[in-house]
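Here is a short report on one protein chain. Keep the sequence and the 3D view open while reading.

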Amino acid sequence: MKLLKILAVLVVVMLLVTACGKGGGKGVKKLYYPEWWQDQGNAEYVQTYGMATKVSQNSSYDAAYANAMLQAAQYVETYVKGMVKNYEEEAGVENPQVLALTSKVVKAVAKAKFANVMVSKQETIITEDNRYQTFVRVSVPKEAVNKNLMGQIKNEEALYNQFKASQAFGDLQSEMENYDE
C-alpha cells in the first residue's frame, strides 16, 4: 500500500513537471536573420540592408532592394515631418463616458543619387505561411556617399552665400535711398 502511494505521488509529480515544461517557451520566438545581416566588413563600402516579405519571389526581392536603397539614401539626406494629435471627448451627465484618441504620423523622405551600387548578398526563404522573405545587402562605394554629402554641403553653402549677397544688396539699396533723400 505504501509503495502504491509513493508511485501515485511520483506519477502526479511527473505529470506536473511535463505539463509545466510544455508551455514554458510559447510566448517567445526568435526571428531569423542571415549570419551576414548588419555586417559592415568592407571598409571601401557603406553596406545597407533591406528585408521584405511578399507573395511572389520577384516582388519580395524588389521590395527588399528598395528598402536597402532607402536606407542608403537616408545616410545622405532625410526630410522628416511629424504630427501628433490628441482628442478627448466627454459625453453624459451622471456617468460620463470619456472617449480619447491619439494619433501620430511621421513621414520621412530621403533623396540621394548613387553610382556603382551592387547587391553583395541576397537570401530568400519561404515562411511558414508560404510567402517569400528576402534579405538583401547593398554595397554603396563610400566615395559615392561622400560625393552626395559634399554636394549637399556645397548646395547649402551656395544658398547661404546667395542669401548673404541679397541681404548685402538690400542694405546697399536702402543706403542709396537714404542718400537720395
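Is Trp36 buried or exposed? Trp36 is buried, because its relative accessible area is 7%. Buried stands for under 20% relative accessible area, exposed for over 50%, and partly exposed for what lies in between (1.4 Å probe, protein chains only).

## Basis of the model

The model is predicted: local features need pLDDT of at least 70, side-chain atom pairs count only at pLDDT 80 or more, and totals for chains, interfaces and linings use all residues. Residues are numbered from 1 along each chain as its sequence is written, and side-chain values use heavy atoms, with hydrogens and water left out.

## Overall layout

The chain has three helices and five strands. Their order from the N terminus is α-β-α-β-β-β-β-α. Helices (H or I, at least four residues) and strands (E, at least two) are DSSP runs, numbered from the N terminus.

The chain has 181 residues, and 18% of them count as buried. It exposes about 14500 Å², with 57% supplied by carbon and sulfur atoms. Accessible areas come from the Shrake-Rupley method with a 1.4 Å probe; for residues, only the protein chains shown count as cover. Take the contacts between residues at least 6 apart in sequence: 60% of these join residues at least 24 apart. A contact means heavy atoms within 4.5 Å.

## Aromatic pairs

There are eight aromatic pairs in the structure. Rings of Phe, Tyr and Trp (its six-membered ring) pair if their centres lie within 6.5 Å; planes under 30 degrees apart are stacked, over 60 edge-to-face, and the rest tilted. Tyr32 and Phe135 make an edge-to-face pair, because their ring centres are 5.8 Å apart and their planes stand at 75°. This pair links distant parts of the chain. Tyr32 sits in the loop between α1 and β1, Phe135 in strand β5, 103 residues apart. Tyr32 is partly exposed at 39% relative accessible area, while Phe135 is buried at 0%.

Trp36 and Trp37 form a tilted pair, because their ring centres are 6.1 Å apart and their planes are at 55°. Trp37 counts as buried at 17% relative accessibility. Ring pairs join Tyr32, Tyr33, Trp36, Trp37, Tyr49 and Phe135 into a cluster.

## A nonpolar surface patch

Tyr33 also belongs to a nonpolar surface patch, together with Leu31 and Met51. The accessible area of the three is about 290 Å² together. Patches take residues with over 30% relative accessible area and no salt bridge; like charges are joined within 9 Å, nonpolar side chains (Val, Leu, Ile, Met, Phe, Trp, Tyr) within 5 Å. Tyr33 is in the loop between α1 (2-22) and β1 (45-54). It counts as partly exposed, because its relative accessibility is 38%.

## Salt bridges

Side chains of opposite charge can pair when their charged atoms come close. A salt bridge is a side-chain nitrogen of Lys or Arg within 4 Å of a carboxyl oxygen of Asp or Glu. By this rule there are two salt bridges.

One joins Lys29 and Glu128 at 3.3 Å, N to O. Lys29 lies in the loop between α1 and β1, Glu128 in the loop between β4 (118-126) and β5 (132-141), so the pair ties together parts 99 residues apart in sequence. Lys29 is exposed at 63% relative accessible area, and Glu128 is exposed at 72%.

Another joins Arg137 and Asp39 at 3.9 Å, N to O. Arg137 is in strand β5 and Asp39 in the loop between α1 and β1, 98 residues apart. Arg137 is buried at 9% relative accessibility, whereas Asp39 is partly exposed at 35%.

## The nonpolar core

The largest nonpolar core has 10 residues: Ala52, Ala63, Ala64, Ala68, Met69, Ala72, Phe114, Val136, Val138 and Val140. Such a core is a set of buried Ala, Val, Leu, Ile, Met, Phe, Trp, Tyr and Cys residues joined through side-chain atoms within 4.5 Å. The elements giving two or more residues to this core are α2 (57-76) and β5. The largest share, five residues, comes from α2. Leaving aside neighbours within four places in sequence, Ala63 is in contact with Ala52 and Lys54.

## Around Glu89

Glu89 lies in strand β2 (residues 78-91). Not counting residues up to four places away in sequence, Glu89 touches Gln97, Val98 and Leu99. Glu89 and Leu101 are 12 residues apart in sequence and 8.9 Å apart in space, C-alpha to C-alpha.
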